[in-house]
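Hello,

Here is the structure I promised to pass on to you. Please have a look at it first, and then read on for my notes.

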Amino acid sequence: MRTGTTVLTLSGLLLLAACTRTVVVQQPVPNGPPPPERRGSRPPPRALPEPDRQPPPPSPPTQPVEPPRSTAVTLGIPPGHLPDPGQCRVWIPGVPPGRQPRPRSRPCAGIEAVAPAGSWIVYRPGEDRRVVHVRLVDERRPGIVTRVRIFDLLSDHLIREEQPADPRQNNPPVVERPREQYRPPPPQQQPLDQPPPVVKPREEPPPPPQRPPENKPPEQRPPPLPPPEIMPPVQPPPGQPPPGQRPPEQRPPEQRPPEQRPPEPPPGPSGTVTLNVPPGHLPEPGECRVWIPGTPPGRQPRPKSRPCEGIAAAAPAGSWILYRPSQDRTVVHVRVVDERRAGLVIRVRIFDIATNRLLREENP
């Protein structure tokens, strides 16, 4: 009986030992061989294959990008209507080319005097023929340039914009220097070895000697005045009203009007008025020029000959506007400008070129 129980007990222990698993943990030894790989009952998880990734496309090469040009402001003038190199012309924006003011090309001297408000003064420099300078006239004041624009002649694009030069600013600006502030001198430090200076008390002057009072005589008062006498009332001089009454109204003396002299008749053909303009300084037939009486020919305003359109606006006060008609080349028409108002023609005189004599005088 005991033998059977012992056998059953041993067989149970063997079965229990067979079902259990002994795990041995081996610690790594420093500076020794690596520990052997442990093999467990479960295999390691398999790494899933990664999907194929396509390489990123190559970036295109960077190219320098040109800054966009300003196309908001363009010239808008046909090449055939531009002035000659070194000369100017007046251009009205928004007006067709066939109705623009003439001439197409003229010298730039004095062109601002004939430029109306809101117009352009187009100038082509002779040294650089690829650009065009446009001087913009003020919208309200004729002849006043507000700014200057420079355009490219090939592309009609605006290159840059400048401020007009002021001819009155010839003197350099006066630079005010800052005023030097007064600084008191630093106090002088006395050495420690020396004693402080002795300050003497200020001596006051002695008081002035007092004189004994003098014996003055008693003051004498003037005798009393007698009572005033009653004076009779003052009578006004004859011809004047008594006081308290208004004087009679006196009319001012009548003034005679100034004598008006009759106007002087204009000089006839045999008068003393002559032309006094050398033949070489007369304009071409069908054109005009401005002449200043009493000025030598070499100092007269230029050009010598130009179209008559708009010349009165550039004529100063007291000047002449010479005109040679193309149908009659033996005479010269002289439009006399008023002595005080520029551009206002008051009369027209017609002279003979051969004799320089006055033929007749007409109203403008």
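A word on naming before the details: strands here are DSSP runs (E) of at least two residues, numbered from the N terminus. Please also keep in mind that this is a predicted model.

With that numbering, Asn276 sits in the loop between strand S5 (158-162) and S6. Its phi is positive, about 60°, although Asn276 is not a glycine. Asn276 counts as exposed because its relative accessibility is 59%, and the cut-off for that class is over 50%.

Asn356 also has a positive phi, near 60°. This residue belongs to the loop between S9 and strand S10 (358-362). With a relative accessible area of 25%, Asn356 is partly exposed.

Arg102 and Pro103 are joined by a cis peptide bond, with omega about 5°; Pro103 is in the loop between strand S1 (88-91) and strand S2 (120-123). A cis bond also links Arg302 and Pro303, again with omega about 5°, and Pro303 is found in the loop between strand S6 (288-291) and S7. For context, most residues other than glycine have a negative phi, and most peptide bonds are trans.

Finally, what surrounds strand S8? Five of the seven residues of S8 (residues 331-337) are buried, so the rest of the structure largely encloses this strand. S8 runs antiparallel to strand S7 (residues 320-323), with four bridges joining them; Trp320 has Val336 as its bridge partner in S8. Seven bridges connect S8 to strand S9 (residues 345-352), also antiparallel, and Val332 stands opposite Phe351 in S9.

Best wishes

Note on methods. Residues numbered from 1 in each chain as written. Predicted model: local features only at pLDDT ≥ 70, side-chain atom pairs only at ≥ 80, totals over all residues. Heavy atoms only, no water. Buried < 20%, exposed > 50% of the residue type's maximum accessible area, 1.4 Å probe, protein only. Pairing = 2+ DSSP bridges.
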